[in-house]
Each structure stands twice: as C-alpha cells, then as structure tokens.
Amino acid sequence: MAIITEEPDSRSSLKQRKPTSKPSESTAPKPIKSTKTTNATNPFHFWFYFTISVSLVTLIFMILTSLYPQDPKTWFLSLPLNLRQHYAKGRNIKVQTAPNQPQIEVFAIQEGPSKSSDQVLIVHGLGCSSFAFQKVVNFLGVRGVHAVAIDLPGSGFSDKTMVVEEEHVDDGVLGRLKDMYNEIQEKGIFWGFDQLVEQGYVNYEENKIRVSKRNVVKAVDLGTEEIGKVLGQVIDTMGLSPVDLVLHDSALGLTANWVSENQGLLRSVVVLDSAPSGTALPLWVLEMPVLRDAVLGLGFAFRRLLGTCCSRSVGSLEAEGHRILLKGRDGRRAVVGMGRSLNCSFDLNEWAASDGVKGLPMQVIWSDALSKEWTEEGRQVADAIPQAKFVSHSGGRWPQEHNSEEIAESIYQFVSSLPKNVKQTEEPVPEHVQKMFDEAKSGDHHHHHGHDSHGHEHDHGHGHAHAGYTDAYGLGQEWAM
C-alpha cells in the first residue's frame with residue numbers, strides 16, 4: 001500500500017516568510033531621538049525641602065536632648081551673663097515642708113535696709129520667677145523699703161527636684177529572679193548548687209512579699225499647703241513679719257488659704273494681676289509632648305508665647321532668661337505639677353469676706369494695656385475686695401523692663417501710707433547678769449530704808465525701776481536701744 005505524503009508548497013511558504021535581511025520602511029521602528037530637558041529646576045523646591053529637613057532634624061535633636069537633662073553644674077556654667085548676675089545678688093534659704101521630707105533650698109533676692117518698717121515680700125506666679133521682679137525690688141530698695149522676691153520651689157534658682165526614698169514591692173518575673181539571686185547571695189552559691197542537684201530548681205521563698213527601698217528623683221510640685229509652709233519659714237528666717245505680701249498672677253490661688261489663716265504675720269496684701277484661678281502662661285502648652293519641646297527649645301517660639309500671653313513687649317534677653325529658667329533642671333515638670341494643685345473653684349468673694357482677710361489693708365494693681373476683657377476682670381477683682389484700692393499700670397501680666405518702676409512706685413505709695421510697726425526685739429538676759437541686777441535692786445531698797453529712818457532723802461540714781469533694759473544689762477544709766 002502506497003503512503004501518500006503531502007508536501008508543503010514551497011512557493012506559498014516562501015511568500016509567507018518575511019525577509020529578515022532588510023526591514024521594510026513601513027514596519028521598521030522609528031529610532032528614538034534623545035531630547036534634552038529644557039525646563040530648569042525650580043530653586044524654591046530645593047529650599048522648601050531643605051527647610052523641612054532641617055526643622056525635623058532640629059526637632060528630633062531637641063526631643064532627644066530633653067530626655068537627658070544637664071547636670072546642675074553644666075547647666076549653671078552655660079547660663080548667660082544676666083542670669084549669672086541675678087544669681088550673684090541672691091541667697092538660698094533652707095525650708096522643710098514635712099518632717100519626713102528632705103530640705104528644699106529657696107532662692108531669694110533682697111534690697112533695702114533690713115530694719116525698715118516696710119517689709120515687702122513678692123511671690124511670683126507659675127512659670128515666672130524672681131528674675132522678672134529684680135528691677136521692682138531694686139526700685140523699692142532705693143525708696144527705703146526692705147523688698148524681697150523669692151523663687152517658689154520648682155521655679156527659678158530654687159530646688160526643682162528632690163531625692164526621696166520610696167518603698168517598692170518586687171513582683172513579676174523580674175522580681176522573682178531578683179529574689180532568687182538575693183537568696184543565693186545570702187545563703188551561698190553552694191546552697192544554690194545543692195538545690196539544683198536535689199530538686200532541679202532553687203527553692204526560694206516564693207510567697208514571701210519583698211519590699212525594697214530605693215532613692216527616686218522627683219519634681220518639686222508642691223501643693224497649696226506646702227507653699228504656705230514655705231512662706232511661713234521664709235518670713236520667719238528673714239525676719240519680715242509683719243510683712244506686706246505682693247501676690248502675682250497665680251500666687252493668689254496658691255496662698256489664699258495661708259493668708260486667711262496667718263493674719264498675724266501680715267500687714268497688707270497687694271494683688272498684682274492675680275486672677276482667682278488660672279495662669280498667664282498657658283500650662284497646657286508645657287504638657288503637650290511635641291509642642292512643649294518646640295516652645296522651650298526654640299527661643300523665638302517662647303518669646304512669641306510670652307508676647308501673646310504675658311508681656312506685650314518683652315525683650316529677647318529677658319525672654320531667653322525666662323526660657324532657660326523654666327526649662328533647666330526639670331523646671332517644666334515642677335511647674336505643671338504645681339498647676340494641677342490650683343483650686344479652680346476658688347471663690348474670691350467668700351475669701352475676701354472671711355474673718356482672716358476682711359480686716360487686712362489691700363491693693364489691686366492691674367494691667368490696662370492687654371485687653372478690655374482683662375481690664376474688666378481687674379475691676380471685678382477690686383469690687384470683690386471692698387477694702388482694696390485699685391491702681392492700673394501700662395505693662396502686661398508679667399512685669400517688664402519699661403514699667404517695673406511704675407509697679408514699684410504703686411507698691412511704695414501703698415505700703416508707705418500704712419501705719420508703721422516698730423519692731424521691739426529684746427535680747428535674753430544671761431542668768432548671772434540677772435542675778436547681779438536683782439542684788440543691785442535689793443541693796444538699793446535696804447539703802448533707802450536706812451536713810452528713811454533718819455529722815456533723810458538721798459537720790460543715788462540707782463533706785464529707779466525701768467521698764468526696759470539699761471546698758472550693760474542694768475548696770476548703767478542709759479536706755480538700751
């Protein structure tokens with residue numbers, strides 16, 4: 001049987017094939033011509049991204065550096081000249097807010113004669129410090145007033161942190177491992193090895209509660225009761241009683257209870273732009289994680305904040321000083337903590353009508369240059385205190401360089417118009433001198449009796465009784481001053 005095979009047509013296959021040697025003009029791809037970019041790069045794009053990058057790097061750097069605060073010595077050496085000069089004029093006073101708490105150093109500046117009949121103590125508001133009142137203190141001192149301005153604990157150059165001992169209960173996996181390690185350390189490594197050989201584990205007292213003590217560094221965020229104790233100790237240490245108390249900003253809310261309970265230490269109270277609640281510097285800015293680092297890390301940002309809320313025309317050096325004092329040595333945490341203790345429900349009318357306050361001479365010094373709303377609030381504060389005199393000034397809620405003399409003059413005019421209190425300090429008489437004084441009086445008494453029996457009266461000049469001490473503790477003729 002013949003097999004028929006079909007062979008492909010060679011002609012048709014040749015027609016279907018396309019020549020590969022020379023491509024046709026219609027199907028050949030067109031060569032791509034290289035074109036050069038004619039549009040020049042916009043320089044704005046470069047500087048925009050460059051600015052964003054630098055800002056992000058700066059912000060990250062500030063956040064990282066804020067996590068590792070400077071030690072006090074390094075911080076002090078980095079202070080500008082105006083802050084160093086301010087610190088050189090002051091002194092530190094040790095106070096204690098509780099028997100089981102460590103002592104706290106309070107920074108204070110003073111001017112004027114210490115024996116003046118006018119003793120003024122200025123207490124700043126939260127976020128501020130005595131640095132804002134240095135010129136007010138100086139002007140009062142020139143006028144013969146003994147003026148003192150302090151940094152509240154947690155502010156300025158006062159202590160902002162303290163080391164406290166806290167009890168800690170060790171629990172959890174890490175606590176058990178620590179217990180096991182302490183057990184082996186106490187009983188020896190061979191005991192631990194025997195335990196592992198005999199039982200396969202170390203048989204420590206698992207159910208025993210272990211309490212360890214550790215030193216913890218905490219921010220000094222005092223409450224209103226502790227602030228009152230600080231004021232009392234400062235007044236006692238510096239001999240300021242009876243004192244003319246100047247309360248600035250939030251200091252009224254911080255010290256109101258202490259004022260009503262210690263009228264005997266006070267001669268008068270001056271309310272200086274001190275609202276019943278709230279602060280001039282918004283504390284919520286210091287609480288937000290990113291915002292607080294930007295405001296306290298960038299000088300122009302902090303100056304802008306002060307210019308908006310506290311002082312309209314604050315200088316760059318002055319603003320930088322406030323920023324450094326607020327940021328340094330963990331001052332931000334202390335100020336925010338004290339802000340939480342403010343009594344937001346403080347009733348000014350009820351406080352002014354209380355028995356401990358209504359008899360005190362008072363003055364209200366208020367800014368009339370911020371806004372109509374703030375001026376109106378000052379009028380309401382003055383109306384709530386019937387015995388208060390109202391005086392306005394041209395500055396902001398924080399004292400400024402250009403109006404410090406104006407504020408000081410208002411304080412001086414008020415305190416100088418008050419009745420003078422003469423301090424009479426009596427020195428204790430030593431026992432042996434008192435004995436000599438008694439013998440002298442007794443001998444003089446017998447001497448007069450002997451002369452009276454003969455009908456004679458002689459005045460020897462040493463038989464008179466005096467109410468005060470004479471010089472040399474009663475052995476001379478002059479009055480002791």
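A salt bridge here is a side-chain nitrogen of Lys or Arg within 4 Å of a carboxyl oxygen of Asp or Glu. By that rule, a search of the whole structure, which is a predicted model, turns up 9 salt bridges.

**Figure 1. The whole chain, as a starting point for the close-ups.** The protein chain comes to 18 helices and 10 strands. Of its 481 residues, 37% are buried. Among contacts with a separation of 6 or more, 75% join residues 24 or more positions apart. The accessible surface is about 29,700 Å², and carbon and sulfur atoms hold 54% of that area.

**Figure 2. A salt bridge between Arg267 and Asp118.** Here the closest N and O atoms are 2.8 Å apart. Arg267 sits in strand β8 (residues 266–272) and Asp118 in the loop between β2 (104–111) and β3 (119–123), so the pair ties together parts that lie 149 residues apart in sequence. Both Arg267 and Asp118 are buried. If you widen the view, you will find a network of salt bridges linking Asp118, Asp244, Arg267 and Lys420.

**Figure 3. Asp249 meets Arg397 across the sequence.** This salt bridge has its closest N and O atoms 3.5 Å apart. Its partners come from distant parts of the chain, 148 residues apart: Asp249 belongs to the loop between β7 (243–248) and α9 (251–261), and Arg397 to the loop between β10 (388–393) and α16 (404–416). Asp249 is buried, with a relative accessible area of 0%. Arg397 also counts as buried, because its relative accessibility of 13% is under 20%.

**Figure 4. Helix α12 and its surroundings.** The 12 residues of α12 (316–327) reach 16 Å from first C-alpha to last, close to the 16 Å expected at 1.5 Å a residue. Its buried residues include Ala319, Gly321, His322, Ile324 and Leu325. For packing partners, look to α3 (72–77), α4 (81–88), α10 (289–297), α11 (299–309) and α13 (331–340). Glu320 is partly exposed at 27% relative accessibility, whereas Arg323 is buried at 12%. Just after the helix, Arg329 has a positive phi of about 55 degrees.

**Figure 5. Helix α8 and the glycine that follows.** Helix α8 (residues 224–238) has 15 residues and spans 21 Å between its end C-alpha atoms, close to the 21 Å expected at 1.5 Å a residue. Among its buried residues are Ile227, Val230, Leu231, Val234 and Met238.

**Figure 6. Gln363 and its contacts.** Gln363 is part of strand β9 (residues 362–367) and is buried, with a relative accessible area of 4%. Beyond four places in sequence, its contacts include Val269, Val270, Val271, Ala388, Lys389 and Phe414.

**Figure 7. A nonpolar patch on the surface.** Phe44, Phe48, Tyr49, Ile52 and Leu56 make up this patch, with about 560 Å² of accessible area together. Tyr49 lies in helix α2 (residues 43–67) and counts as exposed, at 56% relative accessibility.

**Figure 8. Where to read the model with care.** The chain has a mean pLDDT of 77, with 65% of its residues at 70 or more. Over residues 34–38, pLDDT stays under 50 and the model has 0 contacts beyond four places in sequence. Residues 424–428 are also below 50, with 4 contacts beyond near neighbours in sequence. Where pLDDT is low, the predicted coordinates should not be read in detail.

Terms used: Residues numbered from 1 in each chain as written. Predicted model: local features only at pLDDT ≥ 70, side-chain atom pairs only at ≥ 80, totals over all residues. Heavy atoms only, no water. Helix = DSSP H or I, 4+ residues; strand = E, 2+ residues; numbered from the N terminus. Expected span 1.5 Å × (residues − 1). Buried < 20%, exposed > 50% of the residue type's maximum accessible area, 1.4 Å probe, protein only. Contact = heavy atoms within 4.5 Å. pLDDT = per-residue confidence, 0-100. Patch = residues over 30% accessible without salt bridge, like charges linked within 9 Å, V, L, I, M, F, W, Y side chains within 5 Å. Areas by Shrake-Rupley, 256 points an atom, 1.4 Å probe, with all protein chains shown as cover.
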